[in-house]
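Subject: A structure for you to explore

Hi there,

Here is the structure I promised to pass on to you. Have a look at it first, and then read on for what turned up in it.

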Amino acid sequence: MADRNRTPVRRSPRPGRRAALLAVACALVAAGCSGGGETKAAKESPRPAKPSEAKAVRPGLPGMPPLMDEGDLYAADRPNKLARQVRDFPSRVYVPNTGSDSVSVIDPKTYKVIETIPVGVQPQHVVPSWDMKTLWVNNNRGHDLTPIDPATGEAGKPVKVHDPYNLYFTPNGKYAVVMASMDRQLVFRDPHSMEIRKTLPVSCAGVNHADFSPDGRYFIVSCEFSGELLKVDTEKMKVIGQEKLPFEGAMPQDVKISPDGKTWYIADMMADGVWVLDGDRFTRPRLLPTGKGTHGLYVSRDSKKMYISNRGEGSISLLDFKTGDLVDKWHIPGGGSPDMGGVSADGKVLWLSGRYNSEVYALDTRTGKTLAKIPVGQGPHGLAVYPQPGRYSLGHTGIFR
């Protein structure tokens with residue numbers, strides 16, 4: 001999708017094309033304006049349409065930094081391209097242990113735990129703030145967020161936030177978006193004080209992961225417990241689309257958009273694969289099988305591949321963005337339960353939590369070799385590799401643009 005901050009050159013369509021263009025425009029408007037329930041387009045289309053080639057006329061989300069590259073959303077994430085405000089932070093891996101109410105801090109050079117930080121009850125994810133100056137630990141059942149200063153590694157005073165399963169930030173940095181999974185809410189908050197600005201109730205169950213469109217105008221959310229997807233208007237803070245995934249017992253997890261902004265991928269731990277979706281049209285997605293218990297999605301530093309963790313079989317699948325095909329699969333020796341994580345600043349190591357093995361995995365991104373299995377606390381989940389390249393954070397364990 002193009003940079004919406006640029007004004008496109010208008011050309012008058014040839015007479016023979018006027019009717020066709022009008023029909024396409026009407027179809028696009030109809031597909032993106034449902035207010036709830038499975039969209040009409042999703043019901044009628046047995047297979048997803050090809051990614052939209054249309055370029056939107058309206059500008060990007062007000063206040064959002066312009067795209068560096070219209071063809072690559074992750075152009076700012078190149079190896080070791082650290083922003084000025086994070087350049088002096090020590091390189092660490094922060095691991096929230098849901099069963100131990102702690103965060104294990106790993107030195108990636110030695111593969112050793114160098115500190116254990118006590119936090120609130122059931123920490124789920126460690127999330128970099130939009131300005132990248134703070135790490136927020138999501139204490140889901142403790143109903144608070146613990147701030148960690150990545151410059152010193154010190155934890156600050158917890159901030160009361162109800163049901164913070166996961167945390168995101170709008171691309172303009174105006175709001176934090178709390179995924180209140182059990183409350184069935186998306187809660188828009190001040191990104192610093194975390195005071196509530198708007199509460200958006202949703203009809204699906206288990207909101208958990210998300211990603212934003214190239215222009216920041218909408219984001220897509222996975223609903224784990226009802227097997228649904230939501231499309232949310234960022235500025236209006238309103239659900240504009242909802243659809244049920246076409247798989248009995250679907251449990252969607254991580255969400256990631258392709259570098260060119262045309263295709264969305266949603267991991268599904270029960271369908272054992274990723275759903276491939278046209279987010280603009282929000283039509284019915286198709287399933288790409290990857291492995292048992294598909295869970296986390298991570299983009300390589302060159303924007304060419306996506307690492308897909310298959311928690312149920314101890315493997316990582318590699319998807320080629322250019323072809324849309326799976327090109328490799330790595331297996332962790334002795335098995336494991338690779339869950340959530342991130343890529344090192346230099347792009348050479350993929351870090352993943354071993355959810356049911358009380359360990360963290362470090363894998364060589366060139367060969368797939370398991371470099372280390374590091375013992376941590378119980379139930380390690382959404383670990384954050386920090387610092388990482390990028391200009392600002394959209395949240396989760398580190399989505400940078």
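Predicted model: local features only at pLDDT ≥ 70, side-chain atom pairs only at ≥ 80, totals over all residues.

Is M132 buried or exposed? Its relative accessible area is 0%, so M132 is buried. You will find M132 in the loop between β4 and β5 (135-139). Its backbone deserves a look too, as the phi of M132 is near 70 degrees, a positive value in a residue that is not glycine. For background, most residues other than glycine have a negative phi, and most peptide bonds are trans.

Q122 also has a positive phi without being a glycine, with a value near 60 degrees. This residue sits in the loop between β3 (112-118) and β4 (123-128). With a relative accessible area of 27%, Q122 is partly exposed.

Y386 and P387 are joined by a cis peptide bond, with omega at about 0 degrees. P387 belongs to the segment that follows β29 (384-386).

Now turn to strand β14, residues 218-223. How many of its six residues are buried? Six of the six are, so the strand is largely enclosed by the rest of the structure. Its side chains point two ways: Y218, I220 and S222 go one way, while F219, V221 and C223 go the other, and all of them are buried.

As a reminder, strands of a sheet pair through backbone hydrogen bonds, either parallel or antiparallel. On one hand, β14 pairs with strand β13 (residues 207-212) in the antiparallel sense over five bridges. Within this pairing, A210 has V221 of β14 as its bridge partner. The hairpin of β13 and β14 has five residues between the strands, and G216 in this hairpin takes a positive phi near 75 degrees.

On the other hand, β14 is joined to strand β15 (residues 228-233) by six bridges, and these two strands run antiparallel. Here I220 stands opposite K231 of β15. The hairpin of β14 and β15 has four residues between the strands, with G227 taking a positive phi near 65 degrees.

The charged end of K231 sits over the ring of Y218, 4.3 Å from the ring centre. F219 belongs to a cluster in which ring pairs link Y175, F188, F212 and F219. Across the whole structure, the search finds ten aromatic pairs.

Strand β17 pairs with β18 (residues 264-268) over four bridges in the antiparallel sense. One of the residues to look for is I257, whose bridge partner in β18 is W264.

**Salt bridges**

Side chains of opposite charge can pair when their charged atoms come close. How many salt bridges does a search of the whole structure find? There are twelve.

- D254 and K256 form one of them, with the closest N and O atoms 3.9 Å apart. Both D254 and K256 are buried. K256 also lies over the face of Y298, at 5.7 Å from the ring centre.
- D72 pairs with R78, and the closest N and O atoms are 2.5 Å apart. D72 is buried at a relative accessible area of 8%, whereas R78 is partly exposed at 27%.
- D364 makes a salt bridge with R366, the closest N and O atoms being 3.4 Å apart. D364 is buried, at 11% relative accessible area, but R366 is exposed, at 61%.

There is also a network: D190, E195 and R197 are joined into one by salt bridges that share partners.

Enjoy exploring, and write back with any questions!

Best wishes

Definitions and conventions: Residues numbered from 1 in each chain as written. Heavy atoms only, no water. Salt bridge = Lys/Arg side-chain N within 4 Å of Asp/Glu carboxyl O. Buried < 20%, exposed > 50% of the residue type's maximum accessible area, 1.4 Å probe, protein only. Pairing = 2+ DSSP bridges. Phe/Tyr/Trp six-rings, centres within 6.5 Å; stacked < 30°, edge-to-face > 60°. Lys NZ or Arg CZ within 6 Å of the ring centre and 35° of its normal.
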